[in-house]
Amino acid sequence: DTNTSQNRGQVRLVFFDENGDQLRSYDGTLIRGDSSAYRLSEVAASAPIDAVEVAVAVWTTGNESPGSGVRFDQVTWDAPQVVGINIDTTLCFTVTIRDSAGRTAPWTGCVQVASVPTYQWLAFASGDQSTGGFVQSADGMTWPGTFTAWQATSLGSGNALYNVMAASRLAGAVCAALGRDDTFSGVPNSGYMTSTDPTFMTWAPNPAPAVVGGAQSNPALVQGNGFMFRGAPGGSISGGIGRTTNPAGAWTYTASPTIDSYNLLAYLPGSPNRLILGWTARDYVYNSTNDAGTINIDTTPVFGAGNNLADLFANSSRVFALHPTMGIRWSTTGGAGTWAASTITLGGKMLARGYANDAGVVVLGCTDGSFFVSTDNGTSFALVAGASLGAAVSDIKFAGAVWVACGGTRIASSTTPATAWATFVHPGGL
């Protein structure tokens, strides 16, 4: 009888400060019952501020007759999250167990900590119809001198580094959108690769999703709300948006209301979440408030009629639109009439690509390889003196504390984007 039995037991976590004073305790599941079956008392808790020691306590009570009481058998525990250490080191400690009679039993041992990269950077390069490859960095600052090739993928023509990403996983896979020549825009799934390899060294063409084709002259790939989205080309193939929770698996498809190519995507979280859709061949954007279930039609130009977009990107609070010569505008919703102009003096430069992080830093790359940076969430920008990629910026990304941009056969990295960038020139192309 689990409701009325007087046989009970419970586990407890107790946290102490550096003086040995108790800060807080957390009780686990209360066990009741007369049966001889094992029962589990569980507790999970986070250490309070100033805690330096934790102890496990167990109590049992209510023995109604000899041999029928609740008895403590064993305890197991783990620390599912350790904050503030990612270095190669050895941690040694002693665990002391004490029962109610004051008897103690110690255990002493060591744990070997092996550091791991918190993110891995991949810079993708296009090739001819039968070649393609990428270069990989563990820290975003140091890059190898040779590319890793993959199998034939009809990536198009040219040797340029096309897009760079901080490899992020969704359902155990990474999906890469690779640019290619428009000649191959009718080839199903060309330009999309996936990896389930933890080292990101093994890649394969995406297995035929419902979305035909892929991004044309620009990669269109964005992640949000547990989904990954990608654009599908227009022209002779119906344009629209693909959506998946597993990039290496099946994709569902939402047709475009105007049968066009979405080669610019941005995800703006909020209530509701918004997927902003754009084109480099159009002067307006659409948006979806239900993760591409439906696409809301809006043909109001962002920069005015005939001023086509160069890029579209977002952080957690603003979505940004670029025009090569008219500058940058931002909105909190991406809706018509909500775009505000940022303060920027281009001085004859042309904007190409941009990226914004959630700390309010926005980086813009130009066609001559120079950079503009904002530290006030895109309200105003300044040119970074003396910093240049040396080629037109084709993509910019941020992860951890590192910014990475690429273009041509060059990669530029920075942890202080407003002041300095380090440039890596690949010695031999593909």
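1. Start with Asp-27 and Arg-12, which form a salt bridge with their closest N and O atoms 2.5 Å apart. A salt bridge here is a side-chain nitrogen of Lys or Arg within 4 Å of a carboxyl oxygen of Asp or Glu. The pair ties together distant parts of the chain, 15 residues apart: Asp-27 sits in strand S2 (residues 22-27) and Arg-12 in strand S1 (residues 8-16). Strands, like helices, are DSSP runs numbered from the N terminus (helices are H or I with at least four residues, strands are E with at least two). Asp-27 is partly exposed at 43% relative accessible area, and Arg-12 is partly exposed too, at 30%. For these labels, buried means under 20% relative accessible area, exposed means over 50%, and partly exposed is in between (1.4 Å probe, protein chains only).

2. Before you go on, a word on what you're looking at. This is a predicted model, where local features need pLDDT of at least 70 and side-chain atom pairs count only at pLDDT 80 or more, while totals for chains, interfaces and linings use all residues. Residues are numbered from 1 along each chain as its sequence is written, and side-chain values use heavy atoms, with hydrogens and water left out.

3. How many salt bridges turn up in a search of the whole structure? The search finds five. As background, side chains of opposite charge can pair when their charged atoms come close.

4. Now have a look at Asp-395. Arg-353 forms a salt bridge with Asp-395, the closest N and O atoms being 3.4 Å apart. Is Arg-353 buried or exposed? Arg-353 is buried, at 9% relative accessible area, and Asp-395 is buried as well, at 2%. Lys-397 also forms a salt bridge with Asp-395, with the closest N and O atoms 3.0 Å apart. Lys-397 itself is partly exposed, at 22%. Through shared partners, salt bridges join Asp-311, Arg-353, Asp-395 and Lys-397 into one network.

5. Ser-331 is worth a click. You'll find Ser-331 in strand S23 (residues 327-331), buried at 0% relative accessible area. Its side chain reaches two backbone nitrogens: that of Thr-333 at 3.1 Å and that of Gly-334 at 2.7 Å. Leaving out residues up to four places away in sequence, Ser-331 touches Ser-317, Arg-318, Val-319, Thr-338 and Trp-339. Contact means heavy atoms within 4.5 Å.

6. Next, a sheet. Strands S18, S19 and S20 make an open sheet of three strands in that order, with antiparallel pairing. The edges are S18 (264-268) and S20 (285-288), each of which pairs on one side only. From one strand to the next, the twist averages 20° (axes are lines fitted to C-alpha atoms, for helices over the stretch in contact, and angles run from 0 to 180 degrees between N-to-C directions). Four bridges join S19 (residues 274-278) to S20, and two strands count as paired if DSSP finds at least two bridges between them. One to look for: Leu-277 has Tyr-286 in S20 as its bridge partner.

7. Last, confidence. The chain's mean pLDDT is 78, and 72% of its residues reach 70 or more; pLDDT is the predictor's confidence in each residue, from 0 to 100. Residues 151-157 stay under 50, with 34 contacts beyond four places in sequence in the model. Residues 208-218 also stay under 50, with 51 such contacts. Where pLDDT is low, the predicted coordinates should not be read in detail.

Conventions. A polar contact is a pair of N or O atoms within 3.5 Å; within protein, one must be able to donate a hydrogen and the other to accept it, and residues adjacent in sequence count only if both atoms are side-chain atoms.
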